[in-house]
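Please look through the sequence and the structure below.

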Amino acid sequence: MRYAICFTPAASAPLSHVAANWLGRNVFSGEIVEPLAIRGLGIHEIAFHTAMPRRYGFHGVLKAPFRLSAEVTEAQLLRDLMRFCGTQTPFNIKRLEVARTGGFYSLVPSLPCEHVHYLASAIVQQFDHYRAPLSEADIERSDPDGLSAAQFANLHRWGCPYVMDEFRFHMPLTGPVGHTDMPRIEYALRGVFDPVLTEPVKVSNVALMIEEGTGGPFRVHSLHPMGKVSARRSQEAVLA
């Protein structure tokens, strides 16, 4: 069983609903969702292209999946994550957009967002002692021969190649897409997601995600609000 520390919007957010419909699974409940009917794309084609991100659910990874160290417990992880989030200030990603990331499609910030980069780096460092050491099989799965020197160093220091200066925040929407299919998939994704990407995305909580069994799907275990409780209550009172 593995854990991951991620961002995902609240379950009630319109973006969460649209993403669950596209991926075919609700990351909060784990329930299968009726797939969208999209002109030009068959249901089976959508299911094929979303198979990989469907397993992980709609999220933007901040700390990649890890097994818990034998020296710590889940209760300790939850306690420390709650405390950590209480020290962080909520912020907005001004705009997310559909973009190609390598051979995949994801939602990414349309402009660089230093806040999310800082949050991810802080989480990687703060919670590294909760991570069990990588096995040789884990290292091989990371394709070390294909990594840059910096990514290789990150893999051995932090358990993931894509952290610190190599981190790029993204919320995966597809697995690998062949070049001939890219125009149709991108057109469909923009039609599905653009209507709910007109406003800034508020990052006001951090999700602890958990893998259901070995190799099973991930779901949200718990959401941890950012900011001090007193500050959150004051803001809620102003908005009421």
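Buried means under 20% relative accessible area, exposed means over 50%, and partly exposed lies in between, with a 1.4 Å probe and protein chains only. This is a predicted model, in which local features need pLDDT of at least 70 and side-chain atom pairs count only at pLDDT 80 or more, while totals for chains, interfaces and linings use all residues. Residues are numbered from 1 along each chain as its sequence is written, and side-chain values use heavy atoms, with hydrogens and water left out.

A nonpolar core is a set of buried Ala, Val, Leu, Ile, Met, Phe, Trp, Tyr and Cys residues joined through side-chain atoms within 4.5 Å. The largest such core holds 51 residues, and W22, L107 and F193 have the most contacts inside it. Helix α8 (residues 182–193) supplies the largest share of this core, six residues; helices (H or I, at least four residues) and strands (E, at least two) are DSSP runs, numbered from the N terminus. Apart from neighbours within four places in sequence, F193 is in contact (heavy atoms within 4.5 Å) with L15, V18, A19, W22, V98, L107 and L173. A second, separate core has seven residues, among them A4, V27, M209 and V220.

Strand β9 (residues 218–225) contains H224, which counts as buried at 8% relative accessibility. Not counting residues up to four places away in sequence, H224 touches L78, L81, M82, C85, S204, N205, V206 and L208. The H224 side chain also makes a polar contact with the side chain of S222, at 2.8 Å. A polar contact is a pair of N or O atoms within 3.5 Å; within protein, one must be able to donate a hydrogen and the other to accept it, and residues adjacent in sequence count only if both atoms are side-chain atoms.

Side chains of opposite charge can pair when their charged atoms come close. A salt bridge is a side-chain nitrogen of Lys or Arg within 4 Å of a carboxyl oxygen of Asp or Glu, and the whole structure has 12 of them. In one, the closest N and O atoms of D138 and R67 are 3.5 Å apart. D138 belongs to helix α6 (residues 136–141) and R67 to the loop between β2 (60–66) and α4 (74–86), so the pair ties together parts that are 71 residues apart in sequence. D138 is buried at 13%, whereas R67 is partly exposed at 37%. E97 and R95 form another salt bridge, 3.7 Å from N to O; E97 is partly exposed at 28%, and R95 is partly exposed at 35%. Salt bridges also link R2, R55 and E211 in a network.
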